[in-house]
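Let's walk through this one together. Have a look at the chain and the fold below, and then we'll pick out a few spots.

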Amino acid sequence: MRKQLAKRQEEVNAALEKVFAAGKNLPQQAIFEAMEYSLLAGGKRIRPVLLLEFAALGGLSAEDAMPFACALEMIHTYSLIHDDLPCMDDDDFRRGRPTSHKKFGEALALLAGDGLLTAAFEQMLSAESKAQPANRLAAAAEIASAAGCFGMIGGQVLDLADQKEKVRLEAEPYAAEKLTQINRLKTGALFRAACRGGLLLAGVREERYLSAAERFADALGISFQIQDDILDVTGNADALGKQTGNDEKQGKATYVALWGLEKAKSQVKRLTESALRELSVFDELGGAAFLSWLVSSLSERSF
Ligand code: GRG
């Protein structure tokens, strides 16, 4: 299973390396350099791997799903670049390197994010793939909606508003609900897009599969975010490729601040079990053994 993940990650990396190859000798090559600097800096490639696996459940090959997997990773990378900017989280390190604005300045970092977002749509609409046009459209619409104001951007807006007001940690049920509402959008939306998008791209339209994929992604997205909060406290900066302790420094409302480490860890376990249960319906499509392994190993990740 670990080998299968490494193989998938390599396939995604190889495809991402090709995306901007044509820009290298153009007068505006600086933007291609900046986009590749963040895109090819590593990263676990979880979202594209999820998309490829859900597409495979619907019988679509990794090759034909790859433009959409790349698009999702490009959207994710744009969000990291913009989230690190001084006007947002103001972070200096990401994926083991100085952040985009530290390396290229704010203006080019902003444009690198814009360029990646735009190129993601170009990938979905024009890259070679045998996926049916109607299925490409359905998957592209799913991903667009997840990345936009009903999804990730909406979550970021709520997060910024809450950082200003400071979520009231003492009122536990209220704060946990609020945090989950934010994270369902900020983190969960791209996970949902990966899982549902992969199925839609493969032409799967049965509601029982699409809704199981959605519940799976919701549970995985929140557990991934809780684990991210835990690692900000207990993780190693070298392994994570970014500074730790940032959440506390910025006084952020996180699951660890709200619950403490032990409860946060038990919630990761509970949500992982829920995610695993949702995969059973996919036995009808040949089974999701690799996805089960992936979800379990993500719950124990240290980076
Ligand atoms: C549109 C500016 C803007 C922001 C959207 C997604 C997001 C909000 C901000 C990114 C920062 C952040 C902490 C998001 C939470 C989701 C998360 C845990 C991101 C890290 O994802 P990984 O661990 O990163 O998959 P790699 O580097 O492995 O791809």
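## A histidine in H4

Is His 76 buried or exposed? Keep in mind that this is a predicted model. With a relative accessible area of 10%, His 76 counts as buried, because the cut-off for that label is under 20%. The residue belongs to helix H4, which covers residues 62-84.

Who does His 76 touch, if you skip the neighbours within four places in sequence? The contacts are Arg 47, Arg 95 and Leu 190.

## Around the ligand

The side chain of Arg 95 has an N or O atom 2.7 Å from a ligand oxygen. For Arg 47, a side-chain N or O atom sits 2.8 Å from an oxygen of the ligand. His 76 also has a side-chain N or O atom at 2.8 Å from a ligand oxygen.

## H1 against H3

Now for the helix packing. Helix H1 (residues 2-19) and helix H3 (residues 46-57) have axes that come within 10 Å and cross at roughly 105 degrees. That angle makes H1 roughly perpendicular to H3, because 65 to 115 degrees counts as such. On the H1 side, the contact uses Gln 4, Leu 5, Arg 8, Gln 9 and Val 12, while H3 brings Pro 48, Val 49, Leu 52 and Glu 53. Sorted by class, that's 5 nonpolar, 2 polar and 2 charged residues.

## H1 against H16

H1 also meets helix H16 (residues 289-299): the two axes come within 10 Å and cross at roughly 95 degrees. H1 and H16 are therefore roughly perpendicular to each other. Here Arg 2, Gln 4 and Leu 5 of H1 meet Phe 290, Trp 293 and Leu 294 of H16. The class tally for this contact is 4 nonpolar, 1 polar and 1 charged.

## What covers H16

Which residues of H16 are buried? Phe 290, Leu 291, Leu 294, Val 295, Ser 297, Leu 298 and Ser 299 are. The cover over these buried residues includes H1 and H3, along with helix H11 (207-234) and helix H15 (261-278). Phe 290 and Leu 294 are buried, and both take part in the meeting with H1.

Technical notes:
Residues numbered from 1 in each chain as written. Predicted model: local features only at pLDDT ≥ 70, side-chain atom pairs only at ≥ 80, totals over all residues. Heavy atoms only, no water. Helix = DSSP H or I, 4+ residues; strand = E, 2+ residues; numbered from the N terminus. Buried < 20%, exposed > 50% of the residue type's maximum accessible area, 1.4 Å probe, protein only. Contact = heavy atoms within 4.5 Å. Axes fitted to C-alpha atoms, helices over the stretch in contact; angles between N-to-C directions. Parallel < 35°, antiparallel > 145°, perpendicular 65-115°, else oblique. Nonpolar A, V, L, I, M, F, W, Y, C, P; charged D, E, K, R; others polar. Polar contact = N/O pair within 3.5 Å; in protein donor to acceptor, adjacent residues only side chain to side chain.
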